[in-house]
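Biologist: I am new to this model. Please take one part and walk me through it closely, then show me what else to look at.

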Amino acid sequence: MAQLWGGRFTKETDQLVYNFNASLGFDQKLYKQDITGSMAHASMLAKQGILTEEEKEEILDGLKGILEDIQNGKLEFSPEYEDIHSFVEANLIDRKGDVGKKLHTGRSRNDQVALDMKMYVRDEIGETDLLLKELLESLLKIMEENLHTYMPGFTHLQKAQPVTLAHHFGAYFEMFKRDRSRLADTKKRLNLCPLGSGALAGTTYPLDREYTANALGFDGPTLNSMDSVSDRDYLIELLSDLSLIMMHLSRFCEEIILWNSNEYQFVEIDDGYSTGSSIMPQKKNPDIAELVRGKTGRVYGALMSMLTTMKGIPLAYNKDMQEDKEFTFDAIDTVKGCIALFNGMVSTMEFKKENMERSAKNGFTNATDAADYLVNHGVPFRDAHGIVGQLVLHCIEKNISLDEMSLEEYKAISPVFEEDIYEAISMKNCVEKRNTIGAPGTEAMKQVIELHKKYLKENS
């Protein structure tokens, strides 16, 4: 088939070169955006008197028909077309004749693809944000149900201080909330319309770029035509946003994998999100959590590929930029799938609350509170720290917890201890005393949960 750009050439493109150059195999994802952009462009050309009203109506009718036929499967993508732009335009010409050839007036494939990608990313940001919101709603529900589910908090993967499951999940709530904010920032920055920039230097036609931008839901037109066709910052930002989402999911999955192990036994993953072993009948593997953790590297790779592709490109458009699509599409699909599956897994997970609390007690997570007890009875903190260290050593030698020491044993190490030490180091007291905003105490957590509810309502 003769190419849309074939007039300059006297020989057909070598088939191998054509295949290497073609992008329809992946940029067909942009068909809806490409047709929507073309419809707005045609309407603007008619408004400016560049097309007649009759020509506009013919073009719009043809484009609507192409869109409908793609969506209902009547029109299939064919490798004889180089890219989505030539596919749509060639089909329009086949259906409407010479009037279809006028659609490309005042634009280039360079500003066309820039428009398509921006519109596609804008749509996908909306879908990703919705999935994150659904995940946040699931986390908030778990938080509300587990204000008194005591568990060890960790530093260095060592048991540190007691917290609650609500507090622990609240940390991830903050992460995913920031992820939504980053996506919103990216969407705001990308929302300027490049259509009308031409190949790189605009056009002599009297286009109304503000009209087109408004028709397509942009905040306005881009202000430099060279930057318009060569800007892929928004894709790098998006891939960075997606990489952070995956990093947060991966951290969460790592903890669930640990909690699911025989050594922890904090959670039971639902059968629907687990698999067995082909040889070991006792196994119940956290495959979904492991796959989400594994796919994080895939999304990181897309970010690094995009940065590497763009690092040496002079102004303005270069064919290298065609490489932006496949790994961006893949990263978006990967992240959306991971969020949805993770949400399903965490929403159906069973929490073994007794094991969590027992682990907190056996890990001396209340040691800091024992030191605070001594300080409140006049012992300097540095001395209190040393005394509690002796308590812990004594417990380790006897294989008991601080709760299980007798008062005589306490007094043998420090006479300051009295019967009220047991209340002071109880899991409940250790957590409930911490009620500054952001801490795990019930009153503090209730405040935070109300703020989260307000946030979700205002950012739906």
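Modeller: This is a predicted model. Start at the hairpin of β1 and β2, where His156 takes a positive phi near 55°. The hairpin has 2 residues between its strands. Strand β1 covers residues 150-155, and strand β2 covers residues 158-164. The two strands run antiparallel, joined by 6 bridges. Find Tyr150 next. Opposite Tyr150 stands Thr164 of β2.

Now move on to helix α7, residues 165-190. His168 lies in this helix. His168 has 14% relative accessibility, so it counts as buried; the cut-off for buried is under 20%. Look at the contacts of His168, leaving aside residues up to four places away in sequence. His168 touches Met151, Glu255 and Trp259.

The crossing of α6 past α10 is left-handed. On the α6 side, the contact is made by Ala114, Met117, Lys118, Val121, Ile125, Thr128, Leu132, Leu135 and Leu139. On the α10 side, Tyr234, Leu235, Leu238, Leu242, Ile245, Leu249 and Phe252 take part. By class, this contact has 14 nonpolar residues, 1 polar and 1 charged.

Terms used:
Residues are numbered from 1 along each chain as its sequence is written. This is a predicted model: local features need pLDDT of at least 70, side-chain atom pairs count only at pLDDT 80 or more; totals for chains, interfaces and linings use all residues. Side-chain values use heavy atoms; hydrogens and water are left out. Helices (H or I, at least four residues) and strands (E, at least two) are DSSP runs, numbered from the N terminus. Buried means under 20% relative accessible area, exposed over 50%, partly exposed in between (1.4 Å probe, protein chains only). Contact means heavy atoms within 4.5 Å. A crossing is left-handed if the near helix is turned anticlockwise from the far one by less than a right angle, and right-handed if clockwise. Ala, Val, Leu, Ile, Met, Phe, Trp, Tyr, Cys and Pro count as nonpolar, Asp, Glu, Lys and Arg as charged, and the others, Gly among them, as polar. Two strands pair if DSSP finds at least two bridges between them.
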